[in-house]
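I opened my notebook to look up a few things in this model. My entries follow in the order I made them.

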Amino acid sequence: MDTQVNTQGVVMVGEDICKQVISRADAFAAVEQVFGAMARGDAYNFPVVREAIGHADALYGFKGGFDRAGLTLGLKAGGYWPGNADKGLTNHQSTVCLFDPDTGQLVALVGGNYLTALRTAASSAISVAHLARPDAKVLGMIGAGHQSAFQLRAAAEQRDFDKVVAWNPHPDMLPALGKVAEELGLDFEAVSQQDLAAQSDVIITITSAHQPLLMADWVKPGTHIACMGTDTKGKQEVDPALFGVAQVFTDEIAQSVSIGEAQHAVAESVIGERDITPIGAVINGTHAGRGSAEAITLFDGTGVGLQDLAVASVAARLAREKGLATPLSL
Ligand code: NAD
């Protein structure tokens, strides 16, 4: 019988506290560590559960895993409620539960909304850091929704960019992204999709598209592309032919071929699983990464549960250290 909770005590760390305590650099380091652990076989993600619950048009599910190296065990529960915006709430809602891997006891409940954007931006930033050409100057953004500003801020820290070019299917959303670029001291230009590809050294796609927005013929040699929007079966942002001409990397191969951008290229036999490299191998130095200055590199960022656990664990630790975590008694 449990007579006491774990020695650290259980805490709750809300959305506002997450925003205060964890930096982009913290998120980058935490996600980079866990990608490395995944590639070494020290950390693994559990199968994802995602269900249409037949209420409020919602999709709900769990992403979990265990990082034996970082000793992080837990899950992110949440999903998508399309009617939330009308109630003044974010459509995506999630909460991370962290458990003590030695005892199974609950350690922390951490708000997952802000952290999801932070860890997703960290993921593409890690791909830029490890795969983009060192002399990259122009950053292309396809997408201008909630995630895009996080993506832009994190990517901008990885190279000495001097310009952002952007395209979005809803052009009225672009000025808000332009403001972020301006804040970062970067020139900003709204362009056509073809012009974006012609100018960009790094391209980030972060939309909820279900058909290609970027064609293989448009992309110039040496470009790095981070495909970040496709995280579900049926979504698609780029031409599957790009996978045939690019060096392909991902966070997790199993997700990449099933719910990631690679699902289409694999279904069309453009590539197979063995043509995809976990970015953790590049982080660990067991894969060289970019093969030449002229190579096109493509990162399929599908979003794994271990990313959520990694940043939530850091947020919980920092909140405890700063006295900002709310103790809970169970
Ligand atoms: P959002 O709703 O704030 O923005 C949606 C973006 O997609 C906008 O740029 C919008 O103009 C565009 N869009 C909407 N409908 C479209 C359509 N039919 N065709 C093409 N583009 C369309 O969403 P967000 O929070 O910015 O998320 C963007 C995408 O990233 C979503 O697909 C989301 O599921 C995905 N996402 C991925 C991860 C990951 O880890 N890979 C994490 C979070 C979100």
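How many residue pairs are in polar contact between domain 1 and domain 2? I found four, with both residues of each pair at pLDDT 80 or more. I note here that the model is predicted.

**Entry: the two domains**

I looked up the domain bounds next. Domain 1 takes in 10-116 + 306-328, and domain 2 covers 132-303. I then checked the spacing of their centres. Over C-alpha atoms, the centres are 24 Å apart.

**Entry: what touches what**

I asked how many residues are in contact across the boundary. Domain 1 gives 15 residues, and domain 2 gives 18. About 1300 Å² is buried between the two domains. Carbon and sulfur atoms account for 57% of that area. Which residues of domain 1 lose the most area to domain 2? I wrote down R24, F35 and K63. Together they make up 35% of what the domain 1 side buries.

**Entry: the salt bridge**

I searched for salt bridges between the domains and got a count of one. I also looked up the side chains of R24 and E157. They meet in a salt bridge, with 2.9 Å from N to O. R24 had already come up in my list of residues that lose the most area.

**Entry: the domain 1 side**

Which elements give two or more residues to the side of domain 1 that touches domain 2? I noted α2 (24-40) and α3 (113-131). The largest share comes from α2, with eight residues. I have six nonpolar, four polar and five charged residues.

**Entry: aromatic pairs**

I ran the search over the whole structure and got four aromatic pairs. One of them joins Y60 and W81. Their ring centres are 6.2 Å apart, and the planes make an angle of 65°. I logged this pair as edge-to-face. Where do the two residues sit in the chain? Y60 is in strand β4 (residues 59-67). W81 is in the loop between β5 (72-80) and β6 (92-99). The two are 21 residues apart, and the pair links distant parts of the chain.

**Entry: positive phi**

I checked backbone angles last. Most residues other than glycine have a negative phi. L71 has a positive phi, near 55°. I placed L71 in the loop between β4 and β5. The phi of S269 is also positive and near 55°. S269 lies in the loop between α9 (262-267) and β16 (276-278).

How values were computed
Residues numbered from 1 in each chain as written. Predicted model: local features only at pLDDT ≥ 70, side-chain atom pairs only at ≥ 80, totals over all residues. Heavy atoms only, no water. Domains from an automatic or database assignment. Contact = heavy atoms within 4.5 Å. Buried area = accessible area lost by both parts, 1.4 Å probe. Salt bridge = Lys/Arg side-chain N within 4 Å of Asp/Glu carboxyl O. Polar contact = N/O pair within 3.5 Å; in protein donor to acceptor, adjacent residues only side chain to side chain. Helix = DSSP H or I, 4+ residues; strand = E, 2+ residues; numbered from the N terminus. Nonpolar A, V, L, I, M, F, W, Y, C, P; charged D, E, K, R; others polar. Phe/Tyr/Trp six-rings, centres within 6.5 Å; stacked < 30°, edge-to-face > 60°.
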